[in-house]
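Biologist: Please go through this structure with me, one question at a time. I would like each answer to end on the value or name I ask for.

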Amino acid sequence: MSDIQILEGRITAALDRIRQGLQEQSKVLTADDGVLQSKLDDERAANAELVARVEALKERQDTQVAQLTKRAETQSKQLMKLDEELQQLRASNVLLREMNTKLREAVTTGLAPELHNAAAEAELEALHAQRSADAAEVDAIIAELKPLLEEAPNA
């Protein structure tokens, strides 16, 4: 019977050692879990910060793209207006040349007042077209310089 008591004592001691080992392991795991949880929280915070930065960059890029698109559309409209003004100027100049040719012919053969009036009207039309073309060109230049002037104080 003493052998049974000895074996029973040894088994009890072994079970106590196992129990203590498990308690120590759970303490270590709990401590490791806290460290791991802290690291996980840090990584989540860093990830959230990176996501916010990416969203800010995307928003800034979208804003710049929208501004550039608007600027390109404005410049395209101005160029179309300038082209239209130049076409009118060319047409007025052709008419002016024709009228001046007819006026020269009329002067050499005899004065015709209606040709003189038509030539003066054509010249006035050409001057108006030239003025409009010049104004459109100035508007295009101002539109191009305006963003540069607005950026200068910010630089």
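**Salt bridges, core and pocket**

Modeller: The structure holds three salt bridges. Keep in mind that this is a predicted model.

Biologist: Which residue forms a salt bridge with E144, and how far apart are the closest N and O atoms?

Modeller: Side chains of opposite charge can pair when their charged atoms come close. The cut-off for a salt bridge is 4 Å between a side-chain nitrogen of Lys or Arg and a carboxyl oxygen of Asp or Glu. E144 meets this with R71, the closest N and O atoms being 3.4 Å apart.

Biologist: How many residues apart are R71 and E144 in the chain?

Modeller: With the salt bridge between R71 and E144, the pair links distant parts of the chain. R71 belongs to helix α1 and E144 to helix α2, and their separation is 73 residues.

Biologist: Which residue meets R19 in a salt bridge?

Modeller: R19 is partly exposed, at 46% relative accessible area. The N to O distance is 2.8 Å, and the partner is D16.

Biologist: What is the distance between the closest N and O atoms of K58 and D62?

Modeller: Both K58 and D62 lie in helix α1, four residues apart, about one turn of the helix. D62 is partly exposed, with a relative accessible area of 40%. The two form a salt bridge in which the closest N and O atoms are separated by 3.1 Å.

Biologist: E85 is buried yet has no salt bridge; which side chain of opposite charge is nearest, and how far away is it?

Modeller: E85 is in helix α1. Beyond four places in sequence, the contacts of E85 are A129, S132, A133 and A136. A salt bridge needs the nitrogen and oxygen within 4 Å. For E85, the nearest side chain of opposite charge is K81, at 5.7 Å.

Biologist: Which residues make up the largest nonpolar core?

Modeller: Helices α1 (2-109) and α2 (113-154) each supply at least two residues of the largest nonpolar core. One of the core residues is A119, which touches L96, M99, N100 and L103 when residues up to four places away in sequence are left out. The core has six residues in all: L96, M99, L103, A119, A122 and A126.

Biologist: How far apart in space are A122 and M99, C-alpha to C-alpha?

Modeller: A122 lies in helix α2 and is buried, at 4% relative accessibility. Leaving aside neighbours within four places in sequence, A122 is in contact with L95, L96 and M99. A122 and M99 are 23 residues apart in sequence, and their C-alpha to C-alpha distance is 7.1 Å.

Biologist: Which residues lie nearest the centre of the largest pocket?

Modeller: The volume of the largest pocket is about 440 Å³. Both α1 and α2 supply at least two residues of its lining. Of the 14 lining residues, those nearest the centre are Q67, R71, A143, P147 and E150.

Terms used: Residues numbered from 1 in each chain as written. Predicted model: local features only at pLDDT ≥ 70, side-chain atom pairs only at ≥ 80, totals over all residues. Heavy atoms only, no water. Core = buried A, V, L, I, M, F, W, Y, C linked by side-chain atoms within 4.5 Å. Buried < 20%, exposed > 50% of the residue type's maximum accessible area, 1.4 Å probe, protein only. Contact = heavy atoms within 4.5 Å. Lys, Arg positive; Asp, Glu negative; His and termini not counted. 1 Å grid on protein atoms, 1.4 Å probe; cavity = no way out; pocket = protein on both sides within 12 Å on 5 of 7 lines; lining within 4 Å. Points joined across faces, edges and corners; volume = space filled by probe spheres on them.
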